[in-house]
Amino acid sequence: SILSMSPTQGPTSGGTLGILTGNGFTDQMTVFFETIPIQKIWFINSNLVVIEVPPYTKSKKVDIIAINKYGVSAKLEKGYEYLESISNNPPLINNIIPPEVSIEGGDTINIHGSNITSKSLLFIDYNPQPYNFINSTNIEFISPAHKSGAVDVCITNEFGQTDCINNGLNYILKGPIINQIIPSSGSIEGG
């Protein structure tokens with residue numbers, strides 16, 4: 001089943017990153033907006049997938065259809081509304097501080113930008129990520145664990161507008177940090 005789509009609206013140009021929640025999702029599933037197949041699907045778990053909304057020719061509420069790898073299908077009627085024009089400003093990511101984090105996760109990260117709302121969605125490597133909304137120019141989150149390498153960071157607002165920084169966060173293996181050596185001096189002969 002499909003329980004919800006977030007956000008529930010976006011531009012006819014497509015490109016919105018969104019979250020589908022439901023039950024019975026699989027890693028080799030197919031999703032359609034009306035008859036248009038979704039090209040980019042990120043399987044998170046059996047209850048959640050991230051999708052990139054395809055473009056559509058006009059303003060319209062469309063059905064969302066999901067078919068899992070076992071052929072079981074579900075429909076969310078009028079689950080997404082395409083809009084020809086959106087009057088508010090899209091989110092913009094200016095910088096990510098710090099730009100490098102440990103593969104173990106747990107680092108506090110700040111995203112600075114503009115037009116970020118408290119209802120925005122944050123994606124780290126296309127995985128939804130909880131965050132602390134500070135204001136429209138700043139959010140903070142704790143980095144999740146991840147394998148080494150650079151990942152995309154994206155924000156989607158409730159109006160279906162998305163901004164991404166490709167390779168915006170770099171996961172690295174951090175070595176140990178030496179804070180102090182005791183004793184701080186000793187014999188040149190060792191021991």
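Reader: What makes strand E3 largely enclosed by the rest of the structure?

Author: In this predicted model, five of the six residues of E3 are buried. Buried means under 20% relative accessible area. E3 is therefore largely enclosed by the rest of the structure.

Reader: Why is Gly14 called buried?

Author: Gly14 has a relative accessible area of 13%. The cut-off for buried is under 20%, so Gly14, at 13%, counts as buried.

Reader: Where is Gly14 found, and with which residues is Gly14 in contact?

Author: Gly14 lies in the loop between strand E2 (9-11) and E3. Leaving aside neighbours within four places in sequence, Gly14 is in contact with Val53, Pro54 and Pro55. Contact here requires heavy atoms within 4.5 Å. The C-alpha atoms of Gly14 and Gln161 are separated by 8.9 Å, although these two residues are 147 residues apart along the chain.

Reader: How do you know that E1 and E3 pair?

Author: Pairing requires at least two bridges between two strands. E1 and E3 (residues 17-22) have four bridges, so they count as paired, in the antiparallel sense. Ile2 stands opposite Gly22 in E3, and the bridge partner of Met5 in E3 is Leu20.

Reader: How do you know that E3 and E7 pair?

Author: The same test of at least two bridges applies. E3 and E7 have five bridges, in the antiparallel sense, so they too count as paired. Ile19 has Val50 in E7 as its bridge partner.

Reader: What makes E1 and E6 the edges of the sheet?

Author: The open sheet has four strands in the order E1-E3-E7-E6, with antiparallel pairing. Strand E1 (2-6) and strand E6 (41-45) each have a single partner strand, so one side of each is left without a neighbour in the sheet. From one strand to the next, the twist averages 20°.

Reader: Which residues touch the most other members of the largest nonpolar core?

Author: They are Met5, Leu20, Phe33 and Ile64, in a core of 19 residues. To belong to a nonpolar core, a residue must be buried and joined to others through side-chain atoms within 4.5 Å. Strands E1, E4 (30-33), E7 (48-52), E8 (60-67) and E9 (73-83) give two or more residues each to this core. The largest share, four residues, comes from E9.

Reader: Which residues does Ile64 touch?

Author: Not counting residues up to four places away in sequence, Ile64 touches several residues, among them Ile2, Met5, Leu20, Phe33 and Tyr80.

Reader: How many residues does the second, separate core have?

Author: The second core has 15 residues, including Ile111, Leu122, Ile124 and Tyr171.

Technical notes:
Residues are numbered from 1 along each chain as its sequence is written. This is a predicted model: local features need pLDDT of at least 70, side-chain atom pairs count only at pLDDT 80 or more; totals for chains, interfaces and linings use all residues. Side-chain values use heavy atoms; hydrogens and water are left out. Axes are lines fitted to C-alpha atoms, for helices over the stretch in contact, and angles run from 0 to 180 degrees between N-to-C directions. Buried means under 20% relative accessible area, exposed over 50%, partly exposed in between (1.4 Å probe, protein chains only).
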